[in-house]
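Here is a short briefing on one protein model.

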Amino acid sequence: MTVKAPHAPSTTPSAIKQFSNFTRTGAGLEKTLRLIQALATIIIETSIDNETVRTWSTAKSQLALTRRFFRFFNFLDCFEQVFALLGSSSSSSSTSSAAEGFPTTLIELGRWTCLGLYFVLEDCTILHAMDVYPVSWNEPVIVEAYKFWFYALALSIVGALWGLVFASFSTSASAGKAQRHAKKGKSSKERQAEGSGPLMKRIVVDGCDLLIPGVFLGWIQVSEVVVGMAMVVSTLVAGRDIWIKAQQA
């Protein structure tokens with residue numbers, strides 16, 4: 001008769017270990033720097049000491065420059081998304097499904113195109129930001145880059161809202177099948193929450209981030225403190241998924 005060895009109890013990693021796992025990923029480290037930059041923005045706007053303002057202003061500019069290296073090649077992912085969307089729309093064989101997804105495809109095409117152009121224009125000015133090769137056209141290029149960033153975030157919010165509306169219509173249309181799905185262990189509310197959760201999170205994150213280019217361009221009138229607080233919210237919400245994935249790796 002064989003005796004099975006008892007299973008070792010699973011231990012939860014310490015907070016320091018979890019934070020280490022998080023910052024070892026590129027996305028996690030970038031979010032950490034972004035959070036510090038957001039806090040620096042709040043400190044600068046609320047402090048009355050000139051030395052403190054000067055110190056944190058330097059830290060904020062250096063953090064912003066460091067984060068630009070993390071997203072230097074992000075335009076490749078954006079244009080890859082554009083090509084994938086173009087390929088999926090051209091190869092769609094179902095007329096009804098194509099008609100339903102056509103507005104979503106257009107919104108996503110505009111979103112990823114604008115975001116890719118933002119990264120390209122921002123990359124063109126990185127040598128100026130590093131004081132390696134100063135140019136006279138830095139400011140107008142950055143302004144145009146922020147316009148494309150604003151458009152991309154706005155389209156992302158519109159796309160998420162469209163997805164929520166379409167999901168609600170789909171849920172209403174499939175109400176007659178609720179009993180059959182309930183037998184499988186999930187109610188209609190649970191299924192709707194699973195589908196709308198990522199869209200709601202996207203609206204919160206992109207809605208907060210929209211203030212950054214909006215204030216820079218003068219299209220949105222709020223204080224820098226509000227911008228810093230919005231950055232904190234969007235960073236924490238977006239960073240949660242990265243944190244979970246880092247612990248599972």
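A pocket here is an open set of grid points where a 1.4 Å probe fits, with protein on both sides within 12 Å along at least five of seven lines. Lining residues have an atom within 4 Å of such a point. The model is predicted. In it, the largest pocket is lined by 50 residues.

**Overall fold**
- The protein has 11 helices and zero strands.
- Of its 249 residues, 32% count as buried.
- Among contacts with a separation of 6 or more, 75% join residues 24 or more positions apart.

**Largest pocket**
- The volume of the largest pocket is about 1,800 Å³.
- Nearest its centre lie Glu 30, Arg 34, Arg 67, Trp 149 and Asp 209.
- The lining is made up of 25 nonpolar, seven polar and 18 charged residues.
- Helices that each supply at least two lining residues include α2 (26–46), α5 (95–124), α7 (138–173) and α9 (188–209).
- The largest pocket lies between domain 1 (25–70 + 218–248) and domain 2 (71–86 + 100–170 + 190–196), because both give residues to its lining.

**Arg 111**
- Arg 111 sits in helix α5.
- Is Arg 111 buried or exposed? Its relative accessibility is 15%. The cut-off for buried is under 20%, so Arg 111 counts as buried.
- Its side chain makes a polar contact with the side chain of Glu 108, at 3.0 Å.
- Leaving aside residues up to four places away in sequence, Arg 111 touches Ala 152, Leu 155, Ser 156 and Arg 202.

Technical notes. Residues are numbered from 1 along each chain as its sequence is written. This is a predicted model: local features need pLDDT of at least 70, side-chain atom pairs count only at pLDDT 80 or more; totals for chains, interfaces and linings use all residues. Side-chain values use heavy atoms; hydrogens and water are left out. On a 1 Å grid over the protein atoms alone, a cavity is a set of points where a 1.4 Å probe fits but cannot get out, and a pocket is an open set with protein on both sides within 12 Å along at least five of seven lines; lining residues have an atom within 4 Å of a point. Grid points are joined across faces, edges and corners, and a volume is the space filled by probe spheres set on the points. Helices (H or I, at least four residues) and strands (E, at least two) are DSSP runs, numbered from the N terminus. Ala, Val, Leu, Ile, Met, Phe, Trp, Tyr, Cys and Pro count as nonpolar, Asp, Glu, Lys and Arg as charged, and the others, Gly among them, as polar. Domain bounds come from an automatic or database domain assignment. Buried means under 20% relative accessible area, exposed over 50%, partly exposed in between (1.4 Å probe, protein chains only). A polar contact is a pair of N or O atoms within 3.5 Å; within protein, one must be able to donate a hydrogen and the other to accept it, and residues adjacent in sequence count only if both atoms are side-chain atoms. Contact means heavy atoms within 4.5 Å.
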